[in-house]
Amino acid sequence: MNCDDSRIYLPAYLDDELDIAESLRIQKHLTECRDCRQAQDEQLALRSALRDPDLYAYPSADFSKRIEAAVRQAAKEEARSQRSSWLESLRLGSFRWFPAAAALVIVATIGVLLVINSVRSSHEQVIASAVLAGHIRSLQPGHLIDVPSSDRHTVKPWFQGKLDFSPPVPDLSELGWTLVGGRLDYVDKQPVAVLVYQRRMHNINVFLWPNHGSADDTIREEDAQGYQILHWNGAETTYWVVSDLNNAELLEFARALRGH
Ligand SMILES: [Zn+2]
């Protein structure tokens, strides 16, 4: 080892960072070279001088507080920027999710509407079957009328005490529809009012009960087993009209009834 190498390796040797072979080589040089030994002594002196406690500066309590406050503030800002970038990415992400989410909502809504419609229509089918059965039953002798009267002032009070609602009993005689009476019947296990009108010996059964759902004045038509079934939901009353009268005339009757 020459002196140039020795001076390069000396600090590492003093820090005990050389492997054994290198350490032995520099040790050998130091014993043989006075200049390098002197350089070693100078470095050792410098090192011990740097360890002098008087050379150290101790921060004041105030200075420490200011540093701590600055660090805390920086940490807070860092957290805030991370949070906002997280929100930003979430917002961007939700835009990416939007088409899929919207499609899911649409599919779910259509599904719910289909279910509601099929439940509603199947319930209406049950009611339609019940009123048709009630109509056919009423055609048997002695079943049509409980209170025979063409006077609405006789028929309407007759329902009092028999039902928990007071059915409207319109007089349509001037329009050619003769009231012949009323009776109690059961539809879907509920007691309902039935008004019976006639035209040319055709009986018209009007089943009615309070409408607790939404109103829909549109008259819906159905024909079954040779009978016409008309239905609409008035603001207060649900109407089901059944007759073997022809469709055009029964529709005329239904409109007259709806108008009262
Ligand atoms: Zn040397």
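Student: Axes here are lines fitted to C-alpha atoms, and angles run from 0 to 180 degrees between N-to-C directions. With that settled, which strands does helix 6 lie across?

Tutor: In this predicted model, helix 6, which covers residues 247–258, lies across strand 3, strand 4, strand 5, strand 6 and strand 7. Relative to strand 6, helix 6 runs at about 25 degrees.

Student: OK, and what is the order of the strands in that sheet?

Tutor: The sheet is open and has 7 strands, and their order is 1-2-3-4-7-6-5, with antiparallel pairing. Strand 1 (147–148) and strand 5 each have a single partner strand, so they stand at the edges and one side of each is left without a neighbour in the sheet.

Student: What holds strands together in general?

Tutor: Strands of a sheet pair through backbone hydrogen bonds, and the pairing can be either parallel or antiparallel.

Student: How many bridges join strand 5 to strand 6?

Tutor: There are 6 bridges joining strand 5 (residues 216–224) to strand 6, and the two run antiparallel. You can find one of the pairings by looking for Ala224, which stands opposite Tyr227 in strand 6. The two strands form a hairpin with 2 residues between them, and in that turn Gln225 has a positive phi of about 50 degrees.

Student: Is strand 7 mostly covered or open?

Tutor: Strand 7 is mostly covered, since 6 of its 7 residues are buried. Strand 7 also pairs with strand 4, through 7 bridges and in an antiparallel direction, and there Val206 has Val241 of strand 7 as its bridge partner.

Student: Now the other end of the order. Over how many bridges do strand 2 and strand 3 pair?

Tutor: Strand 2 and strand 3 pair over 9 bridges, in the antiparallel sense, with Leu179 finding its bridge partner in strand 3 at Tyr197. The loop between strand 2 (178–187) and strand 3 (190–199) contains Lys189, a residue other than glycine whose phi is positive, near 70 degrees.

Student: Is Lys189 buried or exposed?

Tutor: Lys189 has 6 C-beta neighbours inside 10 Å, so it counts as exposed, given that the cut-off for exposed is 12 or fewer.

Student: Which loop holds Arg200?

Tutor: Arg200 is placed in the loop between strand 3 and strand 4 (202–210). Its phi is near 50 degrees, which is a positive value in a residue other than glycine. Arg200 counts as exposed because it has 8 C-beta neighbours inside 10 Å.

Student: What about Gln198, where is that one?

Tutor: Gln198 lies in strand 3, and because 17 other C-beta atoms lie within 10 Å, Gln198 is partly exposed. If you leave aside the neighbours within four places in sequence, Gln198 is in contact with Thr178, Val180, Asn203 and Ile204. Ser214 is 16 residues away from Gln198 along the chain, and the C-alpha atoms of the two are separated by 30 Å.

Student: Switching to helices, at what angle do helix 1 and helix 2 pack?

Tutor: Helix 1 (residues 3–14) and helix 2 (residues 20–32) pack at an angle of about 120 degrees, and their axes are 10 Å apart. The two helices are therefore oblique to each other. Helix 1 passes helix 2 in a left-handed crossing.

Student: Which residues make the contact?

Tutor: From helix 1 the contact uses Ser6, Tyr9 and Tyr13, and from helix 2 it uses Glu22, Ser23, Ile26 and His29. Sorted by kind, the residues of this contact between helix 1 and helix 2 are 3 nonpolar, 3 polar and 1 charged.

Key. Residues are numbered from 1 along each chain as its sequence is written. This is a predicted model: local features need pLDDT of at least 70, side-chain atom pairs count only at pLDDT 80 or more; totals for chains, interfaces and linings use all residues. Helices (H or I, at least four residues) and strands (E, at least two) are DSSP runs, numbered from the N terminus. Angles under 35 degrees count as roughly parallel, over 145 as roughly antiparallel, 65 to 115 as roughly perpendicular and the rest as oblique. A crossing is left-handed if the near helix is turned anticlockwise from the far one by less than a right angle, and right-handed if clockwise. Two residues are in contact if their C-beta atoms, placed from the backbone, lie within 7 Å. Ala, Val, Leu, Ile, Met, Phe, Trp, Tyr, Cys and Pro count as nonpolar, Asp, Glu, Lys and Arg as charged, and the others, Gly among them, as polar. Two strands pair if DSSP finds at least two bridges between them. A residue is buried if 20 or more other C-beta atoms lie within 10 Å of its own, exposed if 12 or fewer, and partly exposed in between; C-beta atoms are placed from the backbone.
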